[in-house]
Amino acid sequence: MTAALATVAAARGASVAVVKPGQTGAGDADPGDLDEVRRLAGLDDVHEFARFPDPLSPAAAARRAGVPPVRLPDVAERVRDLAASRRLVLVEGAGGLLVRYDDEGTTIADLARWLGAAVVVVARPDLGTLNHTALTLEAMAHRGVQLAGVVIGAWPDDPDLAMRSNIRDLETIAARPLAGALPAGAGALDPAEFLPVAHRGLAPSFGGGFDAAAFRDGFGPDKENT
């Protein structure tokens, strides 16, 4: 998702930086999430502030590694510095809105609130996504965090009935049309193939050409086996 947003923005001529406050599940020599952003979007303006080898929450991974946790107040200052000279700064979390970054319970929701930044919620298409997405949006509203849009992160070639039904329900939960749907496996494409896919999968508010009404009508529950 981050790569898609960065790719489309950069293709429109925007200066874009991408930040990963804490990469977990990767050793020093392993590729991380920002390496994929760099490959797909062709961006070198990427910033990883901490890395932990265990695939855990940033707080738990820091404890296991015996190193200080990511301090999101410091991240906020660094993001503000980047934003002073970039049109767009994208910040990618780790695991979800309320995943803890330290033992005090600081989360990406706190970072978004401090920065006054809108959050893109990446939703699964399958069973369980309605509850997960509703809880995320409720937590955002409770904290005064703005929603930039809900995007389905991996839409399969052959969606089942639950997935097709979830389209309209996700829009009801968000009280707005979907802001995009990226096809499953898009991250495996080469950069030249990825750009048009990202553009088709993101709404005009993100610089893309996604048509929420056409997507909803094309994949509604009554479209099975048609």
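The model is predicted, so local features need pLDDT of at least 70, side-chain atom pairs count only at pLDDT 80 or more, and totals for chains, interfaces and linings use all residues. Residues are numbered from 1 along each chain as its sequence is written, and side-chain values use heavy atoms, with hydrogens and water left out.

Contact is defined as heavy atoms within 4.5 Å. In these terms, 17 residues of domain 1 contact 23 residues of domain 2.

The two domains bury about 1,600 Å² between them, and carbon and sulfur atoms give 77% of this area. Buried area is the accessible area (1.4 Å probe) that two parts lose on being put together, summed over both. Met 1, Val 8 and Leu 40 supply 33% of what domain 1 buries against domain 2, more than any other three residues.

A salt bridge is a side-chain nitrogen of Lys or Arg within 4 Å of a carboxyl oxygen of Asp or Glu. Two residue pairs are in polar contact across this interface, both at pLDDT 80 or more. A polar contact is a pair of N or O atoms within 3.5 Å; within protein, one must be able to donate a hydrogen and the other to accept it, and residues adjacent in sequence count only if both atoms are side-chain atoms.

Helix H1 (2-11), helix H2 (33-41) and helix H5 (108-115) each supply at least two residues to the side of domain 1 that touches domain 2. Helices (H or I, at least four residues) and strands (E, at least two) are DSSP runs, numbered from the N terminus. H1 gives the largest share of that side, six residues. By class, the side of domain 1 that touches domain 2 holds 12 nonpolar, one polar and four charged residues. Ala, Val, Leu, Ile, Met, Phe, Trp, Tyr, Cys and Pro count as nonpolar, Asp, Glu, Lys and Arg as charged, and the others, Gly among them, as polar.

Ile 108, Ala 109, Asp 110, Leu 111 and Ala 112 are buried in H5. Buried means under 20% relative accessible area, exposed over 50%, and partly exposed in between (1.4 Å probe, protein chains only). The cover over the buried residues of H5 includes helix H4 (72-83), strand E5 (88-91), strand E6 (119-123) and helix H6 (129-143). At the start of H5, a side-chain oxygen of Thr 107 comes to within 3.2 Å of the backbone nitrogen of Ala 109. Gly 116 follows H5 and has a positive phi, near 65°.

Asp 110 and Arg 113 form a salt bridge (3.0 Å, N to O). They are three residues apart in helix H5, about one helical turn. Asp 110 is buried at 15% relative accessible area, while Arg 113 is partly exposed at 40%.

In the whole structure, 14 salt bridges are found. One of them joins the side chains of Asp 33 and Lys 20 (2.8 Å, N to O). Asp 33 lies in helix H2 and Lys 20 in strand E1 (residues 16-20), so the pair ties together parts 13 residues apart in sequence. Asp 33 is partly exposed, at 32% relative accessible area. Lys 20 is buried, at 3%. Lys 20, Asp 33 and Glu 92 are linked in a network of salt bridges.

Leu 170 is buried, with a relative accessible area of 0%. Leaving out residues up to four places away in sequence, Leu 170 touches Ala 123, Arg 124, Thr 129, Leu 130, Thr 133, Ile 152 and Leu 178. Ala 175 sits in the loop between H7 and strand E8 (180-183). Ala 175 is exposed, at 69% relative accessible area. The phi of Ala 175 is positive, near 60°. Most residues other than glycine have a negative phi.
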